[in-house]
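Reader: I'm new to this one, so please show me the whole thing before we get into details.

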Amino acid sequence: QVSAGYSFACALRTDGTVWCWGYNGDSELGNGSTVDSSTPVQVSGLSGVSQVSAGSYFACALRTDGTVWCWGDNTLGELGIGSVTMPSSTPAQVSGLSGVSQVSAGNQFACALRTDGTVWCWGGNQFGRLGNGLTLNSSTPVQVSGLSGVSQVSAGDGSSACSLRSDGTISC
């Protein structure tokens, strides 16, 4: 699998490791540095990955155990680690989130689909894009209100996220 973010990209190898390349000013390559790389570098300390999603200056990976790990910029809490800090140059586990089947990194926010069909989002909440009825940023995952039976989620590059429900309807 491959995912292109803002000025960088990441690929998931069949051995469950993640490799990224491109701009690294906010540590979005996840290799412990801020040096740009025109060739793929391995994301540090991350294995057993089943999906990767590159967003705007950060990326997230879903491990086969259902946990989500993110690295890179954390200006608005997009790493989901419970605080707004400097960028993380290595993956950090998203706080309090398990049983995840899909993750999608967007523009300073991310969303995860849990196996129970609920969607949880974190990070910047301009325009209410976390879907919890508020416009306050959240550095930990919050459940999208009134949404269940979801089979796919996509966090956008702009100010929205959308989900596909198992009945074929779409909610944004």
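Author: Let me begin with a word on terms: strands here are DSSP runs of E with at least two residues, numbered from the N terminus. Please keep in mind as well that this is a predicted model. With that numbering in place, Gln 108 can be located in the loop between strand 9 (100-105) and strand 10 (109-114).

Reader: OK, and what sort of phi does Gln 108 have?

Author: Its phi is positive, at about 65°, although Gln 108 is not a glycine.

Reader: Is Gln 108 buried, exposed or partly exposed?

Author: Gln 108 counts as partly exposed, because its relative accessible area is 23% and the buried class ends under 20%.

Reader: Which other non-glycine residue has a positive phi of about 65°, and where is it found?

Author: That is Phe 127, whose phi is also positive at about 65°, and which is found in the loop between strand 11 (119-123) and strand 12 (138-143). Phe 127 has a relative accessibility of 70% and therefore counts as exposed.

Reader: What about Asn 125, buried or exposed?

Author: Asn 125 sits in the loop between strand 11 and strand 12, and it counts as buried because its relative accessibility is 0%. Once neighbours within four places in sequence are set aside, the residues in contact with Asn 125 include Leu 130, Asn 132, Leu 134 and Asn 137. Ser 104 is 21 residues away from Asn 125 along the chain, and the C-alpha atoms of the two are separated by 15 Å.

Reader: Switching topic, where is Glu 78, and which side chain of opposite charge is nearest to it?

Author: Glu 78 is placed in the loop between strand 7 (68-72) and strand 8 (88-93). It is buried and yet has no salt bridge, since the nearest side chain of opposite charge, that of Arg 129, is 7.6 Å away, whereas a salt bridge needs the charged atoms within 4 Å.

Reader: Then what is Glu 78 in contact with?

Author: Apart from neighbours within four places in sequence, Glu 78 is in contact with several residues, among them Phe 58, Cys 70, Asp 73 and Trp 122.

Reader: How many strands form the open sheet, and in what order?

Author: Four strands form it, in the order 1-2-3-4, with antiparallel pairing. Strand 1 (2-4) and strand 4 (37-42) each have a single partner strand and stand at the edges, so one side of each is left without a neighbour in the sheet. From one strand to the next, the twist averages 15°.

Reader: How many bridges join strand 1 and strand 2?

Author: Strand 1 pairs with strand 2 (residues 8-12) over three bridges, in the antiparallel sense, and within that pairing Val 2 stands opposite Ala 11.

Reader: Last topic: how many aromatic pairs are there?

Author: The count comes to two aromatic pairs. In one of them, Tyr 23 and Tyr 57, the ring centres are 6.1 Å apart and the planes stand at 75°, so the pair is edge-to-face. This pair links distant parts of the chain, 34 residues apart, with Tyr 23 in the loop between strand 3 (18-22) and strand 4, and Tyr 57 in the loop between strand 5 (49-54) and strand 6 (58-63).

Reader: And which residues make up the aromatic cluster?

Author: Tyr 6, Tyr 23 and Tyr 57 form one cluster. Tyr 23 is partly exposed, at a relative accessible area of 32%, and Tyr 57 also counts as partly exposed, at 25%.

Definitions and conventions. Residues numbered from 1 in each chain as written. Predicted model: local features only at pLDDT ≥ 70, side-chain atom pairs only at ≥ 80, totals over all residues. Heavy atoms only, no water. Buried < 20%, exposed > 50% of the residue type's maximum accessible area, 1.4 Å probe, protein only. Lys, Arg positive; Asp, Glu negative; His and termini not counted. Contact = heavy atoms within 4.5 Å. Pairing = 2+ DSSP bridges. Axes fitted to C-alpha atoms, helices over the stretch in contact; angles between N-to-C directions. Phe/Tyr/Trp six-rings, centres within 6.5 Å; stacked < 30°, edge-to-face > 60°.
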